[in-house]
Structure formats: C-alpha cells, structure tokens
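I opened this notebook to keep track of what I looked up in one structure. The entries follow the order in which I went through it.

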Amino acid sequence: KDPYFGQFCLSSHPFGVSLLPVVIRIVLFFFFLPQCKFNFFVFCRRTDVNSVTNWNAPLVWEGTFDPVVIDDIYKRMDPRVAVVVFAVGKYTRFLKGFLESSEKYFLVDFRVTYYIFTDNEKDVPKIRLGEGRKVSVVTVPSAMRWQDVVLGRMKWIRNEADYLFMMDIDSVFHNHFGAESLSQLSAVLHRGYYKNTNRDKFPYERRPESKAYIPAGEGDYYYTAAVWGGYLEEMYKLVRYCYEQSEEDAKNKIEAVWQEESHLNRYLLYNKPTKVLSPEYLWSDYDQIPSDIKVVRVSQLVKNYAEVRPNGGH
C-alpha cells in the first residue's frame with residue numbers, strides 16, 4: 001500500500017525497495033516519543049475537513065500529514081517523476097514562472113524531468129535546476145491534440161519515469177508540493193465544487209449520447225483536469241481512455257461539455273483514485289481563499305483568455 005498514514009508494504013514496493021527499515025524507524029520513534037505532536041501517525045488531526053474518502057483513500061489536506069516523514073520515506077525509494085506540460089502559442093510566456101516556482105516547491109530533492117511540449121522551442125527559458133532534475137523539450141505542431149502527442153511519447157517516457165503528472169502550464173507553485181501527492185492514481189478536487197455542492201449539481205456530462213455521460217444520482221467528487229498524476233502505466237491507461245472516448249464522441253458528432261475533464265471524471269467515477277488531493281493542490285488567483293484552505297500549493301494565474309488562446313474563451 002501507499003506509505004500514507006502508516007499504510008506500509010512491509011516486504012516490497014513497485015520500485016523493488018523494502019520499506020521495513022523505515023517502518024522500524026517510525027515505530028521506534030512512536031515508542032520512545034509517544035506524546036510528540038509531530039508523530040507521523042497523529043500529526044495535527046483536522047476536524048474541519050474530511051481526510052478520507054468513502055472508499056478509504058486518503059484525502060490530503062494541510063495538517064493531515066507530516067511532510068518531512070513522507071518525503072523521507074519516498075526519497076529512500078528514489079522514484080523518477082515526469083511532469084508533462086504543454087506550452088504552445090502564447091502559453092510559452094508561462095514557462096518561466098512555472099519552472100522557477102516548481103524548482104522551489106515541487107518534490108524538492110527528488111528526480112524530476114519536465115517534458116515541455118511546445119511549438120516554439122526558442123521560447124523555452126533556461127532555468128537553474130536542482131540536482132537530478134532536467135528539462136526535455138519536445139517540438140509539436142501547435143494544432144496537434146495533446147492526447148495524440150502524449151500517447152505517442154509515453155512509449156519512451158515509460159523508460160524514464162515511475163510517476164507522471166499532467167499539469168497546466170499557466171500555474172505557479174506557492175508552497176510545498178511533496179511526496180504526499182504520490183500514489184497509484186492521484187486526482188485533485190476542483191475548487192469550485194468541493195463543498196456545499198450536491199452531486200447532481202456537478203458539471204458532469206449529462207447527455208447520454210456522450211461517452212462521458214454520468215447519470216444523475218451518481219458521482220463522488222468533481223475533479224479538475226489541470227493537475228493529475230500517478231504511476232506511469234496508470235496514467236497511460238487514463239490518457240488512452242480519454243483519447244478513445246473523445247474519438248468516439250467525435251464520430252457521433254458530439255463533444256463532452258468540458259472536453260477531457262468530462263471524460264476524466266467519468267473514468268475516476270468507475271476507477272477510484274487511490275489518493276484525492278484537496279483544492280490546495282490547484283487553486284486560482286481569480287478566487288478568494290476560504291478558511292479551510294490553509295495553504296495554496298499551486299494556483300492558476302489570472303490571464304486574458306481571449307488574448308492567449310487562438311479561439312478565446314475559457
């Protein structure tokens with residue numbers, strides 16, 4: 001199991017690393033310092049939010065984990081993490097802020113490769129990177145669909161990464177985004193629908209003609225498509241699913257209401273994420289920060305969509 005809230009695999013891990021020495025270390029820590037408020041198992045419990053889903057997956061908020069301990073556990077496994085971003089057209093202007101802030105906050109001291117898919121390689125800035133971190137630029141036609149590109153490139157990314165994150169480039173990191181985010185399949189709650197919203201009010205695709213259709217009365221959460229991640233093989237299956245379902249919709253002359261986000265939400269309804277990340281992991285500069293959001297880890301930037309997107313709009 002994922003090393004979160006003491007759920008340890010004692011003998012093996014996908015990377016072939018035994019966690020038993022780590023478990024012994026934490027158990028000894030717990031035994032000798034049972035009242036320590038920084039103990040991994042009792043660290044800062046919160047009562048104002050749900051910290052577990054109804055299928056018993058962790059729901060990650062600030063104050064529900066010890067970032068030092070979790071990062072230390074994962075660093076011993078030395079995972080390779082790929083981050084895929086698209087910066088085509090005028091979106092290359094967001095690369096500098098994304099990369100510089102990521103180097104400050106995203107999986108610091110882990111091995112990370114940024115795969116930048118762009119139609120203008122000369123606009124990719126030179127950023128000082130930490131040890132074990134690199135940028136790989138992939139030139140793509142500006143009109144090519146991202147699913148086509150990622151599916152084609154995942155064959156060789158498979159040999160270079162254990163985890164993969166898909167992220168929107170028009171975002172900036174503001175706080176720690178660490179190993180607590182890693183799991184077989186991690187999804188982020190959409191900031192607009194994570195509380196006080198009945199599932200029947202979620203902006204799911206409601207037309208039965210679409211492959212993204214979710215009927216009324218069904219659904220757990222509404223997830224954003226701007227940040228999602230997991231084991232590389234799980235991400236490959238998810239990207240392929242979104243691609244194939246979008247292709248089927250196109251043949252039937254229909255497009256899901258929120259494109260790939262609609263297909264993502266249908267997939268995650270029937271293939272539950274193994275970890276759900278709170279809206280801390282993708283907020284927006286457009287919105288005020290409510291009291292239950294103790295930290296904003298990533299935030300989407302305010303921008304003129306009509307100016308940066310060829311066809312304008314959201």
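Where is Ile-169 found? I looked it up and found Ile-169 in the loop between strand 5 and strand 6. Helices here are DSSP runs of H or I with at least four residues, strands are runs of E with at least two, and both are numbered from the N terminus.

**Ground rules**

I noted that this is a predicted model, in which local features need pLDDT of at least 70 and side-chain atom pairs count only at pLDDT 80 or more, while totals for chains, interfaces and linings use all residues. Residues are numbered from 1 along each chain as its sequence is written, and side-chain values use heavy atoms, with hydrogens and water left out.

**The chain as a whole**

I listed 7 helices and 11 strands in the chain. Of its 314 residues, 50% are buried. Buried means under 20% relative accessible area, exposed means over 50%, and partly exposed is in between, with a 1.4 Å probe and protein chains only. I then looked at contacts, which means heavy atoms within 4.5 Å. Among those between residues at least 6 apart in sequence, 71% join residues at least 24 apart.

**The annotated site**

I checked the UniProt record next. Its unreviewed entry gives the feature "binding site" for Phe-86, Ala-87, Val-88, Tyr-91, Asp-168, Ile-169 and Asp-170. These residues spread over 85 residues of sequence, yet they cluster in space, with a largest C-alpha distance of 11.5 Å. UniProt positions are in the numbering used here, feature names are shortened, and annotations may be inferred rather than shown by experiment. The unreviewed entry also places a "binding site" feature at Asp-168 and Asp-170.

I placed Phe-86 in strand 2, residues 80–87. Asp-168 sits in the loop between strand 5 (163–167) and strand 6 (171–173), and Asp-170 lies in the loop between strand 5 and strand 6.

- Asp-168 touches Phe-98, Ala-225, Ala-226 and Gln-300.
- Ile-169 is in contact with Val-85, Phe-86, Ala-87, Tyr-91, Phe-94, Leu-95 and Phe-98.
- Asp-170 meets Tyr-91, Phe-94, Ser-299, Gln-300, Leu-301 and Lys-303.

**Helix 3**

In helix 3 I found Leu-95, Phe-98, Leu-99, Ser-101, Ser-102 and Glu-103 buried. The elements that cover them include strand 2, strand 3, strand 4 (133–139), strand 5 and strand 6. Leu-107 follows helix 3 and has a positive phi near 40°.

**Positive phi**

Most residues other than glycine have a negative phi. I therefore noted two aspartates in loops, starting with Asp-78, whose phi is positive at about 50°, lies in the loop between helix 2 (67–77) and strand 2, and is partly exposed with a relative accessible area of 42%. Asp-109 is not a glycine either, and its phi is positive at about 70°. I placed Asp-109 in the loop between helix 3 (95–105) and strand 3 (111–118). Asp-109 counts as exposed, at 61% relative accessibility.

**Helices 5 and 6**

Two packed helices are described by the angle between their axes and the distance between the axes. At what angle do helix 5 and helix 6 pack? I read an angle of about 120° for helix 5 (residues 232–251) and helix 6 (residues 259–270), with their axes 9 Å apart. That makes helix 5 oblique to helix 6. Axes are lines fitted to C-alpha atoms, for helices over the stretch in contact, and angles run from 0 to 180 degrees between N-to-C directions. Angles under 35 degrees count as roughly parallel, over 145 as roughly antiparallel, 65 to 115 as roughly perpendicular, and the rest as oblique.

I listed the residues at this contact. From helix 5 come Lys-237, Leu-238, Tyr-241, Cys-242, Gln-245, Ser-246 and Asp-249, and they meet Glu-260, His-263, Leu-264, Arg-266 and Tyr-267 of helix 6. By class, the contact of helix 5 with helix 6 has 5 nonpolar, 3 polar and 4 charged residues. Nonpolar covers Ala, Val, Leu, Ile, Met, Phe, Trp, Tyr, Cys and Pro, charged covers Asp, Glu, Lys and Arg, and the others, Gly among them, are polar.

Last, I looked up burial in helix 6. Its buried residues include Glu-261, His-263, Leu-264, Tyr-267 and Leu-268. The buried residues of helix 6 pack against strand 7 (185–189), strand 8 (223–231) and helix 5.

Terms used
Lists of a residue's contacts leave out its neighbours within four places in sequence.
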